[in-house]
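Hi,

Here is the structure I promised to pass on to you. Have a look at it first, and then read on for my notes on the charged pairs and on one helix contact.

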Amino acid sequence: MIPEVDTYLERLNKWKKELTRLRQIINTCGLTEAYKWMHPCYTYNKKNIVLIHEFKDYCAILFHKGALLHDDKKILIQQTENIQSARQIRFKDVSEIEKLEPVIKAYIFEAIEVEKAGLKIKKKETSEYEVPEELKQLFKANTEFKKAFKNLTEGRQRGYLLHFAKPKQAKSRISRINKNTKRILDGYGLNDCTCGLSKRKPNCDGSHKQLDC
């Protein structure tokens, strides 16, 4: 166990008991504890296996190659459509974690075997995603916007393409594009924090947590 994770847990106002228990369980599985992306991360031979993190309505253990697990219990969750590899198991109280402890360990050991075998997920390329006609038209009309979109990371581009293409009606697609035009011009992804306080923009460094919101 490392002090960075101790500090992370001590600062939590919510999900402290749950994430502490997940930490205890994971640390019996032969992984190395690290602190990455501002969260506890657990590795095998320096390869990421699982991470624990907290959200407003739940906390979770995230398997970096969860899409390759068999998921016999059907409990793995794809956080967003754009996430191709990682999968979560979500919890809302310690009792759920205690009940699933044997399953959590089994999934972790399977994830380790996946890494040992060198298995990889064939990810869909950004060029394979549908580009809504409304977005194509905006690209033609506004070269600055097109350049800003292309300058986004591949993951951020995919997130927007999925979001824009989802509505069946053109009016709704146009509304989504217009609503996010400024975010794109500013270099932010669909789910990036835009509080303006981060020193790692467009990534979030947690500075917004000081806001009363």
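Eleven salt bridges turn up in this structure, which is a predicted model.

Start with Asp6 and Arg23, whose closest N and O atoms lie 2.7 Å apart in a salt bridge. This pair ties together distant parts of the chain, with Asp6 sitting in helix H1 (residues 3–11) and Arg23 in helix H2 (residues 16–26), 17 residues apart. Are the two partners buried or exposed? Asp6 has a relative accessibility of 32%, so it counts as partly exposed. Arg23 comes out at 5% and therefore counts as buried, the cut-off being under 20%.

The next pair is Lys65 with Glu115, a salt bridge in which the closest N and O atoms are 3.3 Å apart. Here too distant parts of the chain are linked: Lys65 belongs to the loop between strand S4 (59–63) and strand S5 (87–91), while Glu115 is in helix H3 (residues 94–116), and 50 residues separate them. Lys65, at 22% relative accessibility, counts as partly exposed. Glu115 has a relative accessible area of 15%, so this residue is buried.

Asp186 is partly exposed, because its relative accessibility is 43%. Lys182 reaches 58%, and since exposed means over 50%, Lys182 counts as exposed.

Which residues are joined in a network of salt bridges? They are Arg21, Glu98, Glu101 and Lys105.

Now to the helix contact. Two packed helices are described by the angle between their axes and by the distance between those axes. For helix H4 (residues 133–141) and helix H5 (residues 143–151), the axes come within 5 Å and cross at roughly 115°. On the H4 side, the residues in contact are Leu135, Leu138, Phe139 and Ala141, and they meet Thr143, Phe145, Lys146 and Phe149 of H5. What is the make-up of this contact of H4 with H5? Its residues divide into six nonpolar, one polar and one charged.

Happy browsing, and write back with any questions.

Best wishes

Methods
Residues are numbered from 1 along each chain as its sequence is written. This is a predicted model: local features need pLDDT of at least 70, side-chain atom pairs count only at pLDDT 80 or more; totals for chains, interfaces and linings use all residues. Side-chain values use heavy atoms; hydrogens and water are left out. A salt bridge is a side-chain nitrogen of Lys or Arg within 4 Å of a carboxyl oxygen of Asp or Glu. Helices (H or I, at least four residues) and strands (E, at least two) are DSSP runs, numbered from the N terminus. Buried means under 20% relative accessible area, exposed over 50%, partly exposed in between (1.4 Å probe, protein chains only). Axes are lines fitted to C-alpha atoms, for helices over the stretch in contact, and angles run from 0 to 180 degrees between N-to-C directions. Contact means heavy atoms within 4.5 Å. Ala, Val, Leu, Ile, Met, Phe, Trp, Tyr, Cys and Pro count as nonpolar, Asp, Glu, Lys and Arg as charged, and the others, Gly among them, as polar.
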